Amino acid sequence: MTRFRRTLPPALRVIVALTLACLNGWAAAMDLVPLRVSEHVWYVRGDSGVASAANQGFNSNAGFVVTADSVVVVDALGTPALGEALLTAIRRISTLPVRRVVLTHFHADHFYGLPAFKAVGAEVWAHRAGRAYFASGEAEARLAQRRRDLFPWVDEHTTLIQADRWLDGPVRFSDGGLHFRIDILGPAHSPEDLTLTVEEDGVVFCGDILFAGRIPFVGNADSRRWLAAIDAVAALHPRILVTGHGPHSSDAAADLSLTGDYLRFLREKMGRAVADMVPFDEAYAQTDWGRFRALPAFDAANRINAYGTYLTLERESLGQ
Ligand SMILES: [Zn+2]
């Protein structure tokens, strides 16, 4: 984009710069209104569907817990401007220090907003399996895609922030009279999935283990372990589930079942195709997707989910 701007005549360059400045100002001023789900817990809810320049990258949820001493934040949204907007929204409810941000996983729509929280001294916690995301080059590749597709909300100045504390396993901690537990559930939706439970409120933040009311992004995730993770979340007996996408759930069993049903359906249909050596394109065309077609994100995610599952099941069938 910078090179593109340099090739423009000076007058046009000024217009482009002013337009981008306005757009950036608009993003910074985005007004997030937290929803309260229990005595101590709030969250902001992103749009359904995938991140786009049109929704300014606001397609995921982030939450926070106000204790007697501090604010514990869960995830940081998908752009630096959204992180700022989340902090502003928190500040309207509590001026206590934000000491920790717990990341459910390192997908772009959940952690690009971290700079705002680092700037106020928060410590970022995540599971150590997330280190591989940065070491493998996957993080850089995703950042390049976001700079293209979410410009100007993600641009050449956007930098990625890693955890300050890499967790080796489950953790319990208390803060301001509340008791928290972190359970490690990955690899499932991602290698580093974790949940944060607020014991007194019966609230579980489960990240993208659950996509309430929409098609999940599966890609090449390990869907067998993901199904096990769904069972593990159910075993926490949450009163309220705050998910990574879509509305929170007061009926965990029903909402966990939608994601579980979809994963089981993908595995059954693609598994049969792999066993019968039916090529993917043919298997995809022959599958009746009617049960899921009307759900948000179906068009954007279903084919790639099916393909990823097909490849996963091929690997499984070879014992890999
Ligand atoms: Zn995710």
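Two strands pair if DSSP finds at least two bridges between them. By that rule, E8 and strand E9 (residues 178-184) pair in the antiparallel sense, over five bridges. This is a predicted model: local features need pLDDT of at least 70, side-chain atom pairs count only at pLDDT 80 or more, and totals for chains, interfaces and linings use all residues. Residues are numbered from 1 along each chain as its sequence is written. The protein holds eleven helices and twelve strands. Helices (H or I, at least four residues) and strands (E, at least two) are DSSP runs, numbered from the N terminus.

**Overall dimensions**

- The protein has 320 residues and a radius of gyration of 20 Å, which agrees with the value near 20 Å for a compact globule of that length. The radius is taken over C-alpha atoms, and the globule rule is 2.2 Å times the number of residues to the power 0.38.
- The C-alpha trace spans about 60 × 60 × 35 Å along its principal axes.
- Buried residues make up 42% of the 320 residues. A residue is buried if 20 or more other C-beta atoms lie within 10 Å of its own, exposed if 12 or fewer, and partly exposed in between, with C-beta atoms placed from the backbone.
- Of the contacts with a separation of 6 or more, 68% come from residues 24 or more positions apart. Two residues are in contact if their C-beta atoms, placed from the backbone, lie within 7 Å.

**The seven-stranded sheet**

- This open sheet has the order E1-E2-E3-E4-E5-E6-E7, with mixed pairing. Strand E1 (35-36) and strand E7 (165-167) stand at its edges; each has a single partner strand, so one side of each is left without a neighbour in the sheet.
- E3 and E4 are antiparallel, over four bridges. Gly-63 stands opposite Val-74 in E4.
- Strand E4 (residues 71-74) and E5 are parallel, also joined over four bridges. Val-73 has Val-101 in E5 as its bridge partner.
- E5 and strand E6 (residues 123-127) run parallel, joined by three bridges. Here Val-101 has Val-124 in E6 as its bridge partner.
- Four of the five residues of strand E5 (residues 98-102) are buried, so E5 is largely enclosed by the rest of the structure.

**Helix H3 and its crossover**

- E4, helix H3 (residues 80-93) and E5 form a right-handed β-α-β unit. A crossover is right-handed if, with the strands pointing away from the viewer, the path from the first strand over the helix to the second runs clockwise.
- H3 has 14 residues and reaches 21 Å from its first C-alpha to its last, close to the expected 20 Å. The expected span is 1.5 Å times one less than the number of residues.
- The buried residues of H3 are Pro-80, Ala-81, Leu-82, Gly-83, Glu-84, Ala-85, Leu-86, Leu-87 and Ile-90.
- An α-helix has 3.6 residues a turn, so residues three or four places apart point the same way.

**The five-stranded sheet**

- This open sheet has the order E8-E9-E10-E11-E12, with mixed pairing. Strand E8 (171-175) and strand E12 (240-245) stand at its edges; each has a single partner strand, so one side of each is left without a neighbour in the sheet.
- The twist averages 25° from one strand to the next. Axes are lines fitted to C-alpha atoms, for helices over the stretch in contact, and angles run from 0 to 180 degrees between N-to-C directions.
- Ser-174 has His-179 in E9 as its bridge partner.
- Helix H8 (residues 223-235) lies across strand E10 (194-198) and strand E11 (203-211), at about 160° to E11.
- Helix H9 (residues 252-275) lies across E11 and E12, at about 20° to E11.

**Two partly exposed sites**

- Val-66 lies in strand E3 (residues 62-66). Val-66 is partly exposed, with 19 other C-beta atoms within 10 Å.
- Beyond its neighbours within four places in sequence, Val-66 is in contact with His-40, Val-71, Ile-93, Ser-94 and Leu-96.
- Val-66 and Val-98 are 32 residues apart along the chain, with their C-alpha atoms separated by 9.2 Å.
- Ala-129 lies in the loop between E6 and helix H6 (131-135). Ala-129 is partly exposed, with 19 other C-beta atoms within 10 Å.
- Beyond its neighbours within four places in sequence, Ala-129 is in contact with Gly-186, Pro-187, Pro-191 and Glu-192.
- Ala-129 and Lys-118 are eleven residues apart in sequence and 21 Å apart in space, C-alpha to C-alpha.
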